[in-house]
Amino acid sequence: MKRLAFFLTSILLAVFVSVAHAAPQAYVLAQGSKVEFFYSSGPEPTRGTFPITGADIVVDLENVRRSRVDVDVSTARVRVADPFGMVALKGEDMLHTGRYPTARFQSRRITRTRDGAQIEGDLTLKGIRVPVVLQAVFMRKSSAPVDNSELILRVSGEVSRKAFGITGFPNLVKDMIRLDFVVNIARPI
């Protein structure tokens, strides 16, 4: 009987330690984080980037529902290859960066999928908040520590630019914009 009690206590202790170890972990933004976006204005998609300027990220790789993502993006620092396109993107009928220099994504619900996670949240752009559903994958560089203290969060999806009042150049630029967030994160030391 004592052996059985010792055995059950050992199992419960092991489960408790593994659950305690799998607690949500806070991460800070690391260098190189950006949002890439792709829009169609011809036969080939055009690529642009926004720097990610801030993030509040909590990750639980065992139970992604306990994770959260809150990312700030500088739309004022948008970059595209064409300098005329960059000026147009900052204009009032596009991003209107003079009045709205930032965008923000906040998760509301994160669920595990076969290939990663699905993030339901709100994207605020030009002062307009729109619910979006994005797909996410947590990755680790081959050179990163195996303790998951350094991760890459890749988040992708599509949004309608018209939903945010981005209506400029309708004959040149299609409505759907593909987004690809590359968020480099690390646990604080």
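Predicted model: local features only at pLDDT ≥ 70, side-chain atom pairs only at ≥ 80, totals over all residues.
The lining of the largest cavity is made up of six nonpolar residues, with no polar and no charged ones. Strand β4 and strand β10, the latter spanning residues 176-186, each contribute at least two residues to the lining of the largest cavity. The volume of the largest cavity is about 30 Å³, and the structure holds one cavity of 30 Å³ or more. Rolling a probe the size of a water molecule over the atoms shows where empty space is left.

The largest pocket has a volume of about 460 Å³. Its lining comprises 26 residues, of which F37, Y39, L89, M94 and I177 are the closest to the pocket centre. By class, 20 residues of this pocket lining are nonpolar, four are polar and two are charged. Several elements take part: β2 (34-40), β3 (45-59), α2 (83-90), β7 (117-125) and β10 each supply at least two residues of the lining of the largest pocket.

In sequence order the pattern is α-β-β-β-β-β-α-β-β-β-β-β. The chain has 189 residues, and 40% of them count as buried. Among contacts with a separation of 6 or more, 54% are between residues 24 or more positions apart. The accessible surface of the chain is about 11400 Å², and carbon and sulfur atoms account for 57% of that surface.

S74 is in strand β4, which covers residues 68-74. Is S74 buried or exposed? S74 counts as buried because its relative accessibility is 7%, under the 20% limit. A polar atom of the S74 side chain lies 3.3 Å from the backbone nitrogen of R77. With neighbours within four places in sequence left aside, S74 is in contact with F50, P51, T53 and P101.

V58 is located in strand β3. V58 has a relative accessibility of 10% and so counts as buried. Which residues does V58 touch, not counting those up to four places away in sequence? They are P24, Q25, A26, R66, S67 and R68. The C-alpha atoms of V58 and R187 are 9.5 Å apart, while the two residues are 129 residues apart in sequence.

L61 sits in the loop between β3 and β4. The relative accessible area of L61 is 32%, so L61 is partly exposed, since that class lies between the 20% and 50% limits. Apart from residues up to four places away in sequence, L61 touches R112, F138, N148 and L151. L61 and G116 are 55 residues apart along the chain, and their C-alpha atoms are separated by 9.9 Å.

Technical notes. Residues numbered from 1 in each chain as written. Heavy atoms only, no water. Helix = DSSP H or I, 4+ residues; strand = E, 2+ residues; numbered from the N terminus. Buried < 20%, exposed > 50% of the residue type's maximum accessible area, 1.4 Å probe, protein only. Polar contact = N/O pair within 3.5 Å; in protein donor to acceptor, adjacent residues only side chain to side chain. Contact = heavy atoms within 4.5 Å. Areas by Shrake-Rupley, 256 points an atom, 1.4 Å probe, with all protein chains shown as cover. 1 Å grid on protein atoms, 1.4 Å probe; cavity = no way out; pocket = protein on both sides within 12 Å on 5 of 7 lines; lining within 4 Å. Points joined across faces, edges and corners; volume = space filled by probe spheres on them. Nonpolar A, V, L, I, M, F, W, Y, C, P; charged D, E, K, R; others polar.
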